[in-house]
Amino acid sequence: MAGVLSRRRVFGAACVLFIAGCMGGGRSPEELSRTASWIDPDYLEGHGGGGAGWNQTDLVGVANQIRASRKPADGKLPPKRSILAISGGGSFGAYSAGILCAWSESGTRPNFDVVTGISTGALIAPLAFLGPAYDCQLKTFYTTLTNDDIYIKRKPIKALFANSFADNAPLRGQIEKTLTPDVMAAVAAEHMKGRRLYIGTTDLEGRRQVIWDVGAMAVRGTPADRQLAIDVLLASAAIPGFFPPVPIHLTANGQATTERHVDGGVSTSLFMVSPYITAEERATLPKNWLYGSDLYMLVAGKLYSDPAPVVPESLKIAGSAITTVLYAQTRGDLQRMFTLTMMTGMNYHLASIPEEYDAPTDCTEFNPIKMLKMFDEGAAQFRAGTAWRSTPPGVGKGEASVFRSKTQLISGGVSPMIVDPAPHGLPAKTEGGIPIPLDPFNKK
């Protein structure tokens, strides 16, 4: 009995992980009333003026100055490169697909030098890599498939003693339809031109990210390499506990071994790899050869989880906490990418589902009606010119940390930023009772 209870706890924890592992979610009127944006009108007292007048918007300005300083001294701009990084998010990948298809319609979509994908982003990546000619296939995948096309749920008792809650054999079949021999040949041709396609997974035992070069597999062109690519895409989308790990057989130091790989989002939400350059190019390019290049990031979900009531049960509490951690990890990865663009002089472009959009609550549900709405939302955002932002999470309205020193609060309709307290304890400048952040470069 103790063994069964132990397995139930393990299975329950796995279910918490897969439930929390998807970004996004809608909010009800009741949830709106529970938002954490309520703030202390005198919050500057709560941190003693820490930051000396600096706020996160000011730091972005400094970052832009650093970026500008990376411009080659001779004024000659290096060839412009473009990198696309696509995050996980299950069925919410429909939003990313919508942006890509509308981008193609505009005629401005780059022929990306590098495409990287994680989880559902791994399923999108090969089609995005090959360009607009594959948009129809991309739209079909994210607007017509159902749960039955992706997985088969196990019966509760059977799932208790299995390695996953669901069987993802149908998803393998979908990937096989995508990575046909002809598609692999097309990927190989682009790889030979110097373009790169990378997919991220997580080595379950090694507990770290593994980046797979799918183009190199395609160039080798054997049936075994195609199966390896299929395994890699399946593994990248294998939500732990919900889908089983994917065994990948390899030889290390002459010894045959088997690694088990799961969702790439376990180790990182999205990633970039610099473009490939030849030795001859490296000899002629300036030191800051990425200056002016573009990094595009598609997040299949929102940057901040919608507030929601939490049932006072252990698994519900754990699930809410894990969701918070995963959203924070994504924002941390996006902030890391912002730092990389700042140091290299690249341009930063981030797209995610808008906060106000009433997104579904479950990214493991493949409902064609809901996915079509998300696809259309992504397309509409691109057409309206509102899809991209050039700043990292944390600097937008309502995105900064909330400062409090008491429990008498007001509605947080502004982004609470670190402000400079008035000298000698005098009240800071306010507007409608809200402290006004001071400009550290021109304090008035």
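**Helix H6.** I started with what helix H6 packs against: its buried residues meet helix H4 (93–106), helix H5 (120–130), helix H7 (147–150), helix H9 (169–178) and helix H15 (368–383). Those buried residues of H6, which spans residues 135–144, are Asp135, Leu138, Phe141, Tyr142 and Thr143. My cut-offs for burial: buried is under 20% relative accessible area, exposed is over 50%, and partly exposed is in between, with a 1.4 Å probe and protein chains only. Contact means heavy atoms within 4.5 Å. Helices (H or I, at least four residues) and strands (E, at least two) are DSSP runs, numbered from the N terminus.

**Ground rules.** I am reading a predicted model, where local features need pLDDT of at least 70, side-chain atom pairs count only at pLDDT 80 or more, and totals for chains, interfaces and linings use all residues. Residues are numbered from 1 along each chain as its sequence is written, and side-chain values use heavy atoms, with hydrogens and water left out.

**The whole protein.** I noted 15 helices and twelve strands. Of the 444 residues, 49% are buried. Among contacts with a separation of 6 or more, 79% join residues 24 or more positions apart.

**Cores.** I looked up the nonpolar cores next, each a set of buried Ala, Val, Leu, Ile, Met, Phe, Trp, Tyr and Cys residues joined through side-chain atoms within 4.5 Å. The largest has 70 residues, and Leu84 and Leu171 have the most contacts inside it. Leaving out residues up to four places away in sequence, Leu84 touches Leu100, Phe112, Val114, Val115, Thr116, Ala128, Tyr296 and Leu298. There is also a second, separate core of 26 residues, with Ala85, Leu295, Phe338 and Tyr348 among them.

**Rings.** I paired rings of Phe, Tyr and Trp (its six-membered ring) if their centres lie within 6.5 Å; planes under 30 degrees apart count as stacked, over 60 as edge-to-face and the rest as tilted. That rule gives twelve aromatic pairs. Why is the pair of Trp103 and Phe112 edge-to-face? Their centres are 5.5 Å apart and their planes stand at 70°, so the pair falls in that class. Trp103 is buried, at 3% relative accessibility, and Phe112 is buried too, at 1%. I followed the ring pairs onward and found a cluster of Trp103, Phe112, Tyr296, Phe382 and Trp388.

**Charges over rings.** A charge sits over a ring if NZ of Lys or CZ of Arg is within 6 Å of the ring centre and within 35 degrees of the ring normal. I found Arg195 over the face of Phe129, at 4.2 Å from the ring centre. Arg196 lies over the face of Tyr276, at 4.4 Å from the ring centre.

**Ser87.** I found Ser87 in the loop between strand S1 (82–86) and H4. Is Ser87 buried or exposed? Ser87 is buried, since its relative accessible area is 2%. Its side chain reaches the backbone nitrogen of Ala300 at 2.9 Å. Beyond its neighbours within four places in sequence, Ser87 is in contact with Ile118, Thr120, Gly121, Ser269, Leu270, Leu298, Val299 and Ala300.

**Pro245.** My last stop was Pro245, in the loop between helix H12 (223–236) and strand S7 (246–252). Pro245 counts as buried because its relative accessible area is 18%. Setting aside residues up to four places away in sequence, Pro245 touches Asn163, Leu204, Arg260, His261 and Val262. The C-alpha atoms of Pro245 and Asp263 are separated by 8.4 Å, with the two residues 18 apart along the chain.

Notes:
Polar contact = N/O pair within 3.5 Å; in protein donor to acceptor, adjacent residues only side chain to side chain.
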